Amino acid sequence: MRLSSYFLPVLKENPSEAQIVSHRLMLRAGMVRQNAAGIYSWLPLGHRVLKKIEQIVREEQDNAGAQEMLMPTIQSAELWQKSGRYEDYGKEMLRITDRHERPLLYGPTNEEMLTDIVANEWKSYRDLPKILYHIQWKFRDEVRPRFGVMRGREFLMKDAYSFDLDQAAARRSYNRMFVAYLRTYARMGLKAIPMQADTGPIGGDLSHEFIVLAETGESGVFCDKALIERDVLGEGVDYNADLQPIVDSWTSPYAATDEKHDTARFDALPQERQVAARGIEVGHIFYFGTKYSKPMGAVVSGPGGEQITLEMGSYGIGVSRLVGAIIEASHDDNGIIWPMSVAPFHVGLINLKVGDADCDKASDDLYGKLKAAGLDVLLDDRDERAGAKFATMDLIGLPWQVTVGPRGLKSGVVEIKNRKTGEKEELSVEAALNKLSAAKV
Ligand code: ATP
Ligand code: MG
């Protein structure tokens, strides 16, 4: 992509409406614009990040054996009357009436809809087990939408639903999702700690929130420092193996959100390991048994003809909230610092002297070669001062910057800068190309 023609409305000044750093930087870097309270448009740069996060979420759901589908945003009120949640959900639910005066709503979540779908399709125990998911926009009329995409009213969520024949199998599905979540956040360069959580209006008794520690987080949390110091989960999970030991290793050290906080257990920890902090909830998983399958009639017949009411769990990830959470976890005074895996472009290529034949040629040449090596490249080909170009690149946070200037070209080198460490290095075009290709994820 060439910056001269890219829609990237960066702001020099800090927008006054933004209270936290991620919101400020998303506005300044031209990633989003607000259209109404808690409702945002994703401009091209922000959209690229959103899609990369979505893709990591998708791949890890698929790896865990979940199957992607897509349900609508608009739902019929009838489904929610069946489960009893139509009244309970209260003002957070956006209620709509169509031209025939039929009550509809913009879905805040999909337990009812999917349970209804499977109740109509599955008749036999042979149809189970299954985990289904979709990545879809939700609407919740939050009392206080704030902090940009962190607490929006319209937001993108991955929600998965597991269906099993008995509790032990449901627990295995829960463990699969638990481990998939550890992998998902690790791939985004995030440390998200699973913490015991309240089940809230969804109900049930087994639940974890995945929390990224941050001072600006809205949740109060308590945990054993051992969990913070622990390595994130590496590659190569075998989802057919018994995952309980992995789950236990993450859930046995103390970690809880304030609703579930057990002061006695926390106080029993050595003082230096007691962490009381704030965090951002980037995911929430629940096991809730037959809470929805019973009223929605999700029942199949077992091997002996007996009726089995399905055991269910649901598993959410805040895809759009993650964009903000990653920035909260990774930025400096000059701007965002994207991890390679979610960066909108891997490389920012700066042509220092646009109009100079050698610089133009070398930049275009390198741009083509970097792209051919599979890297996403943003070429700054604007006729601008060098200082403004560097400031823009630092602000939008691409992991690597490559600068092509007349002086370097005379000695056959370009300058490479690592956005995170700030380290700079002069390399031949060939060496630069090799280095960046190797850094690709
Ligand atoms: P919160 O306590 O933050 O309101 P929740 O418990 O209502 O979250 P869930 O219903 O479990 O959230 O939704 C799954 C995930 O969707 C959450 O873990 C969070 O990451 C994300 N999410 C929920 N509400 C919002 C929102 N208003 N804006 C952006 N993301 C959200
Ligand atoms: Mg909520």
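1. Is D224 buried or exposed in this predicted model? D224 is buried, at a relative accessible area of 2%. Its salt-bridge partner is R273, with the closest N and O atoms 2.6 Å apart. The two sit 49 residues apart in the chain, D224 in strand β11 and R273 in the loop between α9 (263-267) and β13. R273 comes out as partly exposed, because its relative accessible area is 33%.

2. Worth a look next is the pair E112 and R85, whose side chains meet in a salt bridge at 2.8 Å, N to O.

3. While you're at E112, check the rest of its helix. In α5 (residues 111-121), 8 of the 11 residues are buried. Among them are M113, L114, V118 and A119, but also E111, T115 and D116.

4. Then there's R2 with D364, a salt bridge whose closest N and O atoms are 3.3 Å apart. R2 lies in the segment before α1 (21-28) and D364 in helix α12 (residues 357-372), so the link spans 362 residues. R2 is partly exposed at 32% relative accessible area, and D364 is partly exposed at 37%.

5. The salt-bridge count for the model comes to 28. One group to pick out is K51, E54, R58 and E68, which are linked in a network of such bridges. Disulfides are another story: a search of the whole structure finds 0. As for individual cysteines, C223 is buried at 1% relative accessible area, and C359 is buried at 0%.

6. On to the pockets. The largest has about 1000 Å³ of space and a lining of 44 residues, with R140, R151, E281, H284 and R321 nearest its centre. β13 (274-289) supplies the largest share of that lining, 7 residues. Other elements that each give at least two include β8 (154-164), β11 (219-224), β16 (311-318) and α11 (319-329). By type, the lining splits into 15 nonpolar, 15 polar and 14 charged residues.

7. The second largest pocket has a volume of about 320 Å³. Its lining has 20 residues, and those nearest the centre are P129, A169, R172, S173 and R176. Two or more lining residues come from each of β7 (130-139) and α6 (167-187), with α6 giving the most, 5 residues.

Note on methods
Residues numbered from 1 in each chain as written. Chains lettered and ligands numbered in written order. Predicted model: local features only at pLDDT ≥ 70, side-chain atom pairs only at ≥ 80, totals over all residues. Heavy atoms only, no water. Buried < 20%, exposed > 50% of the residue type's maximum accessible area, 1.4 Å probe, protein only. Helix = DSSP H or I, 4+ residues; strand = E, 2+ residues; numbered from the N terminus. 1 Å grid on protein atoms, 1.4 Å probe; cavity = no way out; pocket = protein on both sides within 12 Å on 5 of 7 lines; lining within 4 Å. Points joined across faces, edges and corners; volume = space filled by probe spheres on them. Nonpolar A, V, L, I, M, F, W, Y, C, P; charged D, E, K, R; others polar. Disulfide = S-S within 2.5 Å. Salt bridge = Lys/Arg side-chain N within 4 Å of Asp/Glu carboxyl O.
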